[in-house]
Amino acid sequence: MTIESKGNATIWGMFVGDNGDQLEIFNSKKGPFPPEVGTEGMIAMGWPAIGDLRMYANNYLDYVEKFQKLYSKPDESEQAFKRKANMPWNFAFTIKIGDWVICPASSLGIMMIGSIIGDYEEDFHDGTGLYGRRRADFVHTRKVRWEQVINESDAIYSKLNRIGQLT
């Protein structure tokens, strides 16, 4: 498999749900799953209590303060908290159109590779919004164009799956 770089694109690893088990929900409403190459789909993440992340644009310290009040755990290390808090922040403000995303769906035995084609969007419409999603807590979304679907029988699958283990 070859993926051509588009300038200074970054590759992101992301599970949609536990073990990628929600990936199909966000990507099968407009056609078969796994999708065909070139199909538009979505990636999404939780942490709904933080609200629309755009209200924190250019104010990371305010964002972290509020995220800490909502999502920190008493026994959590500072490093673990920062890693967790940076996930939604990066999703909204660091990922750029043209970046790549690798989404392992271990429960389905596939890995999907896509290019980011949309800016951050919020979807707080409890299943009536984008793609009729079922998980009300997956409110932070981005549109992607799926460029490749790799089955677990493909030799490259195990190598790329390590990216998911690191994220």
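Buried means under 20% relative accessible area, exposed over 50% and partly exposed in between, taken with a 1.4 Å probe on protein chains only. The legends below describe a predicted model, in which local features need pLDDT of at least 70, side-chain atom pairs count only at pLDDT 80 or more, and totals for chains, interfaces and linings use all residues. Residues are numbered from 1 along each chain as its sequence is written, and side-chain values use heavy atoms, with hydrogens and water left out.

Figure 1. The protein chain holds 4 helices and 6 strands; helices (H or I, at least four residues) and strands (E, at least two) are DSSP runs, numbered from the N terminus. The protein chain has 167 residues, and 40% of them count as buried. Of the contacts (heavy atoms within 4.5 Å) between residues at least 6 apart in sequence, 70% join residues at least 24 apart.

**Figure 2. Aromatic rings around Tyr63.** Rings of Phe, Tyr and Trp (its six-membered ring) pair if their centres lie within 6.5 Å; planes under 30 degrees apart count as stacked, over 60 as edge-to-face and the rest as tilted. The structure holds 9 aromatic pairs. One of them joins Tyr56 and Tyr63 edge-to-face, at 5.6 Å centre to centre with 70° between the planes. Tyr63 is buried at a relative accessible area of 0%, and Tyr56 is buried at 4%. Tyr63 also pairs with Trp89; the ring centres are 5.3 Å apart and the planes stand at 40°, so this pair is tilted. Because Tyr63 lies in helix H2 (residues 60-71) and Trp89 in helix H3 (residues 78-94), the pair ties together parts that are 26 residues apart in sequence. Trp89 is buried, with a relative accessible area of 13%. One aromatic cluster includes Trp47, Tyr60, Phe67, Tyr71, Phe81 and Phe93 as well as Tyr56, Tyr63 and Trp89.

**Figure 3. Strand E4 between its partners E3 and E6.** Two strands pair if DSSP finds at least two bridges between them. Strand E3 (residues 100-105) runs antiparallel to E4 and is joined to it by 6 bridges. The two form a hairpin with 4 residues between them, and Gly109 in the turn has a positive phi of about 70°. E4 also pairs with strand E6 (residues 140-151), again antiparallel, over 7 bridges. Met111 of E4 is the bridge partner of Pro104, and Ile150 in E6 is the bridge partner of Met111. In strand E4 (residues 110-116), 7 of the 7 residues are buried, so the strand is largely enclosed by the rest of the structure.

**Figure 4. The nonpolar cores.** A nonpolar core is a set of buried Ala, Val, Leu, Ile, Met, Phe, Trp, Tyr and Cys residues joined through side-chain atoms within 4.5 Å. The largest has 30 residues, and Leu23, Ile43, Tyr63, Val101 and Trp146 have the most contacts inside it. Strand E2 (40-45), H2, H3, E3, E4 and E6 each give two or more residues to this core. H3 supplies the largest share, 5 residues. Another core, of 6 residues, lies apart from it and includes Ile102, Met111, Ile113 and Tyr157.
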